[in-house]
Amino acid sequence: MSLQTWRVCSHDALRDLLALFLRQCRFRVTTEVKTWDVPDGEAPGRATTGRRVPDIIAVDPENNKTYVIDLRIAWTISTLGGVDYQTGDLARAAEDAKMDHWRWQRENHPDMVHGDTEFVPFGIEISGSLGPQASELIALAMRWVHGFHDSDLYHWSAPSFRRYWFARFGLALMRGRTKVAMAAARRQWPAAMRHTGLGSYAP
C-alpha cells in the first residue's frame with residue numbers, strides 16, 4: 001500500500017480506538033456519520049466541497065451533551081526542523097487547523113446553533129502528545145468513569161484505567177508510525193539501489 005494509504009489506515013485505527021475508549025467510559029458513540037452535516041444545496045454561503053463528516057459523535061452519559069469529534073494525526077516531529085518546537089505544538093496546530101476547517105459548521109449547523117453540541121478537534125502527534133482539546137476530552141471521560149460507581153468498572157483503579165488506555169493509544173500510534181516508515185522506505189528503495197549500485201548484487 002502507498003504511504004498515504006497507511007496514514008489513512010492509522011487514522012482510522014486510532015479513531016476506532018478512541019470510539020472504543022469513549023464507549024468504555026459509557027458515552028453513546030457513533031462513527032463516520034456521513035449524514036450529520038447539512039447538504040451543500042441547503043448550506044448558503046458554503047462552497048460545494050464544504051460538507052464535513054465527523055469521525056465520532058459521542059453523547060455524554062451524565063448530561064446528554066453531544067461532542068462532534070474530528071481527529072487529526074500530526075505526522076512530523078516539527079515543521080520547523082526542531083527550531084523552537086515544544087512537545088504538543090503540532091497537536092495544537094492540528095486542532096487549530098480543524099477549527100478553521102469546520103468554521104461554517106460550528107457557526108451554522110443547527111445542532112451547533114440550537115442544540116447542546118460542541119465540536120472537538122482531536123489533535124495528536126505521532127509521538128503521542130495530545131492537543132489541549134484532545135486532552136480535555138480524555139480528562140472529561142476519565143472524570144466521569146471515576147466520579148460514578150459503574151458496576152462494570154469496579155475492578156479499575158483510576159491510575160490503572162488511565163495507564164491501560166494510554167498504553168493502547170501509544171501502541172496504535174507506534175504501529176502506524178512503523179507501517180508508514182516501512183512504506184516510505186519501500187518507496188525510496190529503487191532510488192537507493194540506483195544511487196548505490198547495490199542492486200547489481202541481487203541474485
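1. Helix H2 (residues 89-101) lies across strands E3 (66-74) and E4, at about 145° to E4. Angles run from 0 to 180 degrees between N-to-C directions, with axes fitted to C-alpha atoms, for helices over the stretch in contact; contact means heavy atoms within 4.5 Å. Helices (H or I, at least four residues) and strands (E, at least two) are DSSP runs, numbered from the N terminus.

2. On provenance: this is a predicted model, in which local features need pLDDT of at least 70 and side-chain atom pairs count only at pLDDT 80 or more, while totals for chains, interfaces and linings use all residues. Residues are numbered from 1 along each chain as its sequence is written, and side-chain values use heavy atoms, with hydrogens and water left out.

3. The sheet is open, with 4 strands in the order E1-E2-E3-E4 and mixed pairing; two strands pair if DSSP finds at least two bridges between them. Strand E1 (28-31) and strand E4 (117-125) are the edges, each pairing on one side only. From one strand to the next the twist averages 25°. E1 pairs with strand E2 (residues 56-59) in the antiparallel sense over 4 bridges; Ile 56 in E2 is the bridge partner of Thr 31.

4. Leu 22, leaving aside neighbours within four places in sequence, is in contact with Phe 27, Val 29, Ile 56, Ala 58, Ile 69 and Ala 141.

5. His 109 sits in the loop between helix H3 (103-108) and helix H4 (110-114). A polar atom of the His 109 side chain lies 2.8 Å from the backbone oxygen of Trp 36. Not counting residues up to four places away in sequence, His 109 touches Trp 36, Asp 37, Val 38 and Trp 104. His 109 is buried, at a relative accessible area of 3%; buried means under 20%, exposed over 50% and partly exposed in between (1.4 Å probe, protein chains only).

6. There are 0 disulfides, a disulfide being a pair of cysteine sulfur atoms within 2.5 Å. Cys 9 is partly exposed, at 32% relative accessible area, whereas Cys 25 is buried, at 0%.

Key: A polar contact is a pair of N or O atoms within 3.5 Å; within protein, one must be able to donate a hydrogen and the other to accept it, and residues adjacent in sequence count only if both atoms are side-chain atoms.
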